[in-house]
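Me: I am new to this structure and would like to learn how to read it. May we go through it feature by feature?

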Amino acid sequence: MGRNAMPPFALGRVCVTLTPLMKVHEFQAKEILEKVGIPVQRGLVTDTITNVESVIQSAYSQFNTTQVVIKAQIHAGGRGKGGGVKFCPTFEDAVAKARQILGMTLVTPQTGEAGQLVRTIMVAEAVDIAKELYVAVTLDRANGQHVVIASTEGGVDIEEVAAHTPDKIIKVWFGADGLLPFQARQLAFQLGFEGDLFKQAVSLLTRLVTCYLDTDASIAEINPLVVTEQGKLLALDAKFNFDDNALYRHPDIVALRDTHEEDPTEVEASSFHLNYVKLEGNVGCMVNGAGLAMATMDIIKLSGGQPANFLDVGGGANVDTVKNGFRIILSDPNVKAVLINIFGGIVRCDRVANGIIQAVQELGLSVPVVVRLAGTNAELARDLLAQSGVSIIPADSLQDAAQKVVQAAQLEG
Amino acid sequence: MSILVNRESRIIVQGITGSEGSFHAGQCLEYGQNVVGGVTPGKGGLRTLEDRVPVFNTCVDARREVGANVSLIFVPPAFAADAIMEAADAGIELIVCITEGIPVADMVKVAAYLRTRSSRLIGPNCPGLLTPGEAKVGIMPGFIAKKGHVGVISKSGTLTYEAVHQLVGVGLGQSTCVGIGGDPIIGTRMSELLALFEADPDTSAVVMIGEIGGAMEIEAAHYVATHMTKPVIGFIAGQTAPPGRRMGHAGAIVSGADESATAKMAVMKQCGIHVVASPAGIGMAVKEALVVNSR
């Protein structure tokens, strides 16, 4: 570890993960920042349309302003582009915009076409912006260290900055002890701060890193970080994602979870310890192990079908997980056929077979099911399935299974 | 020959008295007869696995008493990082951590600690290693593998079994199979294992199975182009993974590479790797590559 040089810097256009990261809303992210003494754009939130006027009035008096910004609170980014962030110079305007945004289905470049229902809005103070910057803290998986990424080009798509002017991206690596004082000073100088703003920047950067470490965040991002006309540094927008593996030591963060922002079927699946991601196709699949599950989706596609989901039943596949998995897959009306692909290592195929038999008997079989079992106790499992009389389509290999399930889906479709 | 583990390996299991640890320690002992001890703090002096294996309080004790040089870790996620560092401090040469779910920040500490020690870490969140017929250090089902000359490196567990199954299906055995783990921070990267397989006289080809995300396969591909004489056969899982599932911008910026399956496969091809599009084609592709290479 650490023996490898950093790869050359280039743009990361696509970055996909099947591990959902715990996310929070902007107002929650700002609360986290405020707790560690980082100045933020202030705001009040509401989820009730009848409260809109009184909340705007409270914002006026608390923030000593008559100009506010109405900001939709959804997890997806690109809210401004989708019309979810509006500057409102008058009270009437603010009320109208708040009523319009609260309850709207916001479509942004990150929500997908279906969009996301806005259940909460923030009434934020308008800020006179002199300068916009970017700062984020995250993990650099290539060298196993944390990294601060900063740029004088804030408020815009940082990926664009990285693509066109990579020299404007500053990176500072650090370990478990956090950012050293000289690193914070160097970074603040590199961002062009001087005088009182320099002191504010050093303090902010140090606190942001501490906060990132203390909350086990996977990303702590302030974009834009603004310098106001009054010479103050503050976070205009903030985003936090958290490491799911570390949530056990942060009950306060777990309490911030908003399951409305997640797919309901995925939420249900996670309650059964199943890793499920819904997709657009018509071939459902149930697999043990994330890599094999992705490979199974790939071969369905290569065989002319479209996967309806990703479902990893994990290392503890038993009667209950198989039954719940079946139910979740079949709750998607697009599914015309199901492929079960299990390679038994620790998982015993005979237990999976019993799960399939029970599931079929209890839930009924509305679509054809192709079953491929290999590895530990596979022969025994095949015998169990054959003797049970349930009408499944057995398959010998990955290739055979994919062809059979795609064919079955086409006949059903 | 093989890499990293063989019948001479002296394996201890950290967490040997837990349910997972005890089950898999038993399986490894049965496979290679070379599990020489276990570590559970507070249970030193006991014997376990039908009285065949002594338990020690610390890795230092295990190293001193039974000459352990490989440690297999089944400690729960909250304590696993500490277990890795304990093994490294005791001078155990190879540490294999199976534990899934270790917080990333804990692994940042481990990574920094290991830079000050000479131990090699495999994993975490991995199925471990298997040198067929000699040693099993992890949870791979031993019976699916066969002794031979193909090295296997994989990010995933069951997909490794699938690849091994296909290799055996076309009559090819394996020198060593290594599951490196799918976590953001892992101990040993693909390129390091490629170097070991290249140097192993008993390995004649390498299968490299990657996934979407991260830039390790790209780094490995460049290593293949510049250092490998043996054929490498590659597959990337996740060609159909949903593009809507994006990590944050900051994450993508750091990685410094296009992390999609398509992009990785293209670079791998350019670097001379035999890339297979279908996961069902891995075994056959190795067979073909070996035939071409022997001409």
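Me: What percentage of the 295 residues in chain B do buried residues make up?

Reply: Please keep in mind that this is a predicted model. A residue counts as buried if 20 or more other C-beta atoms lie within 10 Å of its own. In chain B, 63% of the 295 residues are buried.

Me: What does the secondary structure of chain B come to?

Reply: Chain B has 10 helices and 14 strands. Its radius of gyration is 19 Å, close to the 19 Å given by the globule rule for 295 residues, so chain B is as compact as a globular protein of that length. Along the principal axes, the C-alpha atoms of chain B fill a box of roughly 55 × 45 × 30 Å.

Me: How should I read the contacts in chain B, and what share joins residues 24 or more positions apart?

Reply: Consider the contacts with a separation of 6 or more: in chain B, 73% of these are between residues 24 or more positions apart.

Me: Which domains does the assignment give for chain B?

Reply: The domain assignment gives domain 1 (11-122) and domain 2 (128-293) of chain B. Taken over C-alpha atoms, their centres are 26 Å apart. Domain 1 of chain B brings 19 residues to the contact, and domain 2 of chain B brings 16 residues.

Me: Which elements give two or more residues to the side of domain 1 of chain B that touches domain 2 of chain B?

Reply: They are helix H1 (19-32), strand E5 (70-73), helix H4 (104-114) and strand E7 (120-122) of chain B. By class, this side of domain 1 of chain B has 14 nonpolar, four polar and one charged residues.

Key. Residues numbered from 1 in each chain as written. Chains lettered and ligands numbered in written order. Predicted model: local features only at pLDDT ≥ 70, side-chain atom pairs only at ≥ 80, totals over all residues. Helix = DSSP H or I, 4+ residues; strand = E, 2+ residues; numbered from the N terminus. Rg over C-alpha atoms; globule rule 2.2 N^0.38 Å. Buried ≥ 20, exposed ≤ 12 C-beta atoms within 10 Å, placed from the backbone. Contact = placed C-beta atoms within 7 Å. Domains from an automatic or database assignment. Nonpolar A, V, L, I, M, F, W, Y, C, P; charged D, E, K, R; others polar.
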